[in-house]
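Thanks for making the time this morning.

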Amino acid sequence: MIDSLAGRSAPRRAGLRIPAGRGCTLVGVRLHLITVGDPKLAYARAGWDEYEKRLRRYHKVQVTRVSGRSQALESEAVRRAAGKAPLVLLDPRGQQFTSEALSAYLDAQALGGVGELAFAIGGPDGHTDELRASAHALWSLGRLTLPHDLAMVVLAEALYRASTISAGEPYHRG
């Protein structure tokens with residue numbers, strides 16, 4: 001991965017490189033949201049649907065639900081679903097970001113010519129070490145363990161919020 005403003009190569013597993021300073025307001029990277037299963041609870045289905053709909057104002061959004069009987073099968077299904085798109089795994093070992101930093105990351109990816117990003121939430125046992133090692137980046141939503149349904153809503157809202165920041169809209173009050 002390239003830190004586009006510094007022009008230096010960064011290790012793939014080092015996490016997301018965020019350019020210093022904002023300066024660009026690009027949106028439009030295709031977002032592929034990959035989850036193990038559907039949201040099961042009513043609040044999560046409603047939240048997911050709402051933020052997915054809002055996110056579509058800024059990006060082409062593809063949602064893929066995968067399943068598997070084991071962590072290994074789930075991770076393989078995630079890998080297949082992502083295809084050639086850079087894969088960002090939601091994982092507690094990953095880097096945490098502010099909303100502004102996530103916005104800057106999406107902008108940097110668009111500026112760098114990335115047409116699609118895949119974001120994946122694993123199953124109850126998370127992702128395999130092999131999938132983590134091959135991922136473009138690891139992103140942690142925080143140090144708390146979140147139920148799968150809630151993590152799905154947080155992912156969709158965080159991407160929406162970052163998109164509104166990039167677009168200069170007043171949703172985020174930073």
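**A helix across the sheet**

Helix α2 lies across β3, β4, β5 and β6, and its direction runs at about 165° to that of β3. Before I go further, please keep in mind that this is a predicted model.

Let me stay with α2, which covers residues 71-82, and begin with its length. At 1.5 Å a residue, its 12 residues should span 16 Å, and the end C-alpha atoms are 17 Å apart, which agrees. Which residues of α2 are buried? They are Glu74, Ser75, Ala77, Val78 and Ala82. Seen down the axis of α2, these buried residues fall within an arc of 160°, so they line one face of the helix. Just after α2 comes Gly83, which takes a positive phi of about 60°.

Now to the sheet itself, which is open and is formed by 5 strands in the order β4-β3-β6-β5-β7, with parallel pairing. Its edge strands are β4 and β7 (137-139), each of which pairs on one side only. From one strand to the next, the twist averages 35°. Within this sheet, β3 and β6 pair in the parallel sense over 6 bridges, and Leu31 stands opposite Leu117 in β6. Helix α1 also packs on the sheet, where α1 touches β3 and β4 and its direction makes about 145° with that of β4.

A polar atom of the Thr35 side chain lies 2.7 Å from the backbone oxygen of Gly37. If we set aside residues up to four places away in sequence, Thr35 touches Trp48, Thr64, Arg65, Val66, Ile121, His148 and Met152.

The other residue is Lys40, in the loop between β3 and α1 (42-55), and with a relative accessible area of 61% Lys40 is exposed. Leaving aside neighbours within four places in sequence, Lys40 is in contact with Arg45 and Asp149. The C-alpha atoms of Lys40 and His148 are separated by 9.1 Å, although these residues are 108 residues apart along the chain.

Key. Residues numbered from 1 in each chain as written. Predicted model: local features only at pLDDT ≥ 70, side-chain atom pairs only at ≥ 80, totals over all residues. Heavy atoms only, no water. Helix = DSSP H or I, 4+ residues; strand = E, 2+ residues; numbered from the N terminus. Expected span 1.5 Å × (residues − 1). Buried < 20%, exposed > 50% of the residue type's maximum accessible area, 1.4 Å probe, protein only. Arc of directions from axis to C-beta. Polar contact = N/O pair within 3.5 Å; in protein donor to acceptor, adjacent residues only side chain to side chain. Contact = heavy atoms within 4.5 Å. Pairing = 2+ DSSP bridges. Axes fitted to C-alpha atoms, helices over the stretch in contact; angles between N-to-C directions.
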